Amino acid sequence: YNKPTNFAFSLYKNNQCLEKCPENYFARQNNIRSECVLNCSENEYTNTIDKKCVKCNSACTKCVNNANICLSCEKNYYLYINDCLQICPDGYFGDNSSQICQKCNINCKTCAQNNKCLTCEENFYILDEICYKKCSNGEVRNLKNKICEKNCEYDQYPDLNRQCQVCSENCKACFGKSTNCTTCNSSQALIFNFNSTEGECSNCE
């Protein structure tokens, strides 16, 4: 009776084979035998109705009440609402230290391990891995404080996203792009090259 082949019986103390485990014991089954145990393993949950130890699903290291209600996950899986996922849903990222899907920063649609935005929610745009609300028509975003304003500062210009960008150091003011000067420093003259529509600041001779 050391290795019973009929799993309708469970091995108990002193190699006894029982149809039913005693009170407070649970039947655990593996490929070799079924046995009566006081406590189920960490990767099993206790089925109190059938008095059995049942394995968690393959991605869970701990589960409760059901094989698919996970409390913790295997390596390379992340816990999300009692489920173990290899890829977290939009709005969350997989934190390797806790193995939990953590919420992205506000307004991120997707983000990376370090909680930096990769894509943004609708009506937001990404800048330096942070999502900012798009400015209203006629407004631009200040480069320094990220606030929407009517105009960029004098040495800045609005790009296609209405984000203020700094003019080239050769320009005192510019338009459309950093190198298209509209105003120069006092020691320079504004020149328009025949081969280009851009203004250029050149030192006075």
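I began with Y125, which I found in strand β15, strands here being DSSP runs of E with at least two residues, numbered from the N terminus. The model is a predicted one, in which local features need pLDDT of at least 70 and side-chain atom pairs count only at pLDDT 80 or more, while totals for chains, interfaces and linings use all residues. Residues are numbered from 1 along each chain as its sequence is written, and side-chain values use heavy atoms, with hydrogens and water left out.

**Entry 1**

Is Y125 buried or exposed? I noted that Y125 is buried, because its relative accessible area is 11%, and the classes I used are buried under 20%, exposed over 50% and partly exposed in between, with a 1.4 Å probe and protein chains only. Leaving out residues up to four places away in sequence, I listed what Y125 touches, and the list holds C120, I130, C131, Y132, K133, K134, R141 and Q163; contact means heavy atoms within 4.5 Å. With R141 the link is also a polar contact, side chain to side chain, at 2.7 Å. By polar contact I mean a pair of N or O atoms within 3.5 Å, where within protein one must be able to donate a hydrogen and the other to accept it, and where residues adjacent in sequence count only if both atoms are side-chain atoms.

I then looked at the strand itself: β15 (residues 124–127) pairs with β16 (residues 130–133) in the antiparallel sense over 4 bridges, and pairing requires that DSSP finds at least two bridges between two strands. F124 stands opposite K133 of β16. The hairpin has 2 residues between its strands, and D128 takes a positive phi near 55° there.

I also checked the separation of Y125 from C53, which is 72 residues in sequence and 51 Å in space, C-alpha to C-alpha.

**Entry 2: R28, whose contacts include C53**

R28 sits in strand β3 (residues 26–29), and I recorded it as buried because its relative accessibility is 15%. Its contacts, not counting residues up to four places away in sequence, are R33, S34, E35, V37, N39, C40, S41, E44 and C53. Which side chain does R28 join through a polar contact of 3.2 Å? The partner is the side chain of E44.

**Entry 3: N47**

N47 belongs to strand β5 (residues 44–47), and I counted N47 as buried since its relative accessibility is 16%. A polar atom of the N47 side chain lies 3.0 Å from the backbone nitrogen of D50. Setting aside neighbours within four places in sequence, I found N47 in contact with F26, K52 and V54.

**Entry 4: two asparagines with positive phi**

Where is N82 found? I placed N82 in the loop between β9 (78–80) and β10 (83–85), with a positive phi of about 60° although it is not a glycine. N82 is partly exposed, because its relative accessible area is 35%.

N123, also not a glycine, has a positive phi of about 70° and is found in the loop between β14 (117–120) and β15.

**Entry 5: I69**

I69 is in the loop between β7 (60–63) and β8 (70–73), and I classed I69 as partly exposed because its relative accessible area is 31%.
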